[in-house]
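Morning, everyone. Please have the sequence and the model open while I talk.

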Amino acid sequence: MLDTPCGPVDHVDILVVGAGFGGIAMADRLLREGRGGDILVVEAGDEVGGTWRDNTYPGCACDVPTSLYSLSGHAHPDWSHSFGRQGEIQSYLVGVADRIGLRDRLVTSCEVTRARWGDDTARWNVDTSRGQVLARHLIVATGALSAPSVPPLPGLEGFDGEVFHSARRRHDIPLAGKKVAVVGTGASAVQFVPEIAGTADHVTVFQRTPGWILPRFDRSISRRRRALYRRVPFVQKIVRGRVYAGRELYVLAFTRARFLLRLFEWFARFYLLVKVRGRRMRTVLTPDFSIGCKRVLLTSQWLPALCRRDVTLVSGPATSVTPGGLVDSGGAEHPADVIIFGTGFQPTEPPIARVVTGSDGRTLAAHWDGSPRAHNGVTVAAFPNLFLMFGPNTSLGHSSIVYMLESQAEHVLRLLELSRRADRGTVEVREEALDRYSDRMDRELAGTVWNDGGCSSWYIDSRGRNSTLWPTFTFRYRRQVRSVDPADFVVG
């Protein structure tokens, strides 16, 4: 039994796990449908926000324009910049949660430790850190960027200094006057390294693989423009539509007209030439794969930071840790007082998959065996009444995940309606329908830069499949999930 704002609850129709963008989008849609009395949202953190609550490192910001990175029904006219800062996005999500009345159905600091489907009860038996609850439907909205990935470097346990991942920033550890080693040069590192350079005594950056860098054309949004958005909301909708259309055009270069990527590569090389004078460093910073194969890094501060005298770029991975520093691939030791891992997350092996057990007694992780699959990225065979938000093959390499999450929320609503009309109230995707869908994803991703761009990326899972990205235009996904074919499901 869970203690909630509404009093103790031991059963609920719909249990939503996670209160980041996905969970809030789902709750918002259910509440607008008048299902407020049917739902409960549990969140492991002490507040809503998900990744935007957890990632508090200096310089944290979104690389999708703010005009597109918001829920369509909750426009925000007061963004300060064209690319939102972490604090603003987190405040936005808190504001949305308050505005839609989510607090009445939300339990924070509540982690799901086990969820088992019971065929006899046609319910999910869910254990949490704050009690147990039975749920007819389980919606998992824990996100793909919630579990930090830390490489198992030999000797890490014996390091004498402080260690943390950027997604778990330790604000109690001052960096002033210290030697800081940063492992990783991905989307997080390119944001926080320029912020800590100059504060720390010295920053040593370990780069396993260089990424393609493009400037982030960020600008402040004037008070006048914000006032216009408040007075005439339609203007902001026009801007949102323009940005959306522009982002969708990127798909052509990534999938069908890959020769266009050469223009982006040319510009990235020119930008590198302008910002980095040393030929040797430019060589180290130039990728040997197609732009777009890995996530393109939008930053105007990264390259200047690497050129500072108090910043050292190590070309190659850290191979081990000593009590006083890190050892590079050439055997040289680099002294450090603090190690910060900017090594990303585990999108293809989410921890929640290890604790959710389906009708055949196997966990979601066991079913996937390192290669996640879900019909429309939402439903999985042998897991009745389980719905995923931000599931397999719904992430994007070009646009806003919020658009996809809102599409998924609408799809889940239709599946819930299908379940409601069934005798036992259950709906489960057929294995053959899931197989057809997964095969289609594989076919459509074949030949794209994400699969064949010559790099090793987090898009590819441990079995060599791209189980992460949606392969084409986002409006195609929305159109696809707008309806439900009952023939694809076992309805009981």
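I'll go through the nonpolar cores and then the cysteines. Keep in mind that this is a predicted model.

Start with the inside. In general, nonpolar side chains in soluble globular proteins tend to be buried together. Here, the largest nonpolar core has 90 residues. Which of them touch the most other members? They are Phe21, Tyr69, Val182 and Val205. Helix H11, residues 401-420, gives the most to this core, with 11 residues.

Now zoom in on Phe21. Leave out residues up to four places away in sequence. Phe21 then touches Trp52, Tyr69, Ser70, Leu71, Ile89, Tyr92, Leu93, Val402 and Leu405. There is also a second, separate core, with 30 residues. Leu2, Val42, Val140 and Leu386 are among them.

Next, the cysteines. How many disulfides does the structure hold? It holds 1. The partners are Cys293 and Cys455, with sulfur atoms 1.9 Å apart. The link is left-handed, at -90° about the S-S bond. Where do the two partners sit? Cys293 is in the loop between helix H8 and strand E15. Cys455 is in the loop between helix H13 and helix H14. Cys455 counts as partly exposed, at 22%.

Cys60 is in no disulfide. The nearest cysteine sulfur belongs to Cys62, 8.8 Å away. Cys60 counts as buried, at 7% relative accessibility. Cys307 is partly exposed, with a relative accessible area of 38%.

Note on methods: Residues numbered from 1 in each chain as written. Predicted model: local features only at pLDDT ≥ 70, side-chain atom pairs only at ≥ 80, totals over all residues. Heavy atoms only, no water. Core = buried A, V, L, I, M, F, W, Y, C linked by side-chain atoms within 4.5 Å. Buried < 20%, exposed > 50% of the residue type's maximum accessible area, 1.4 Å probe, protein only. Helix = DSSP H or I, 4+ residues; strand = E, 2+ residues; numbered from the N terminus. Contact = heavy atoms within 4.5 Å. Disulfide = S-S within 2.5 Å.
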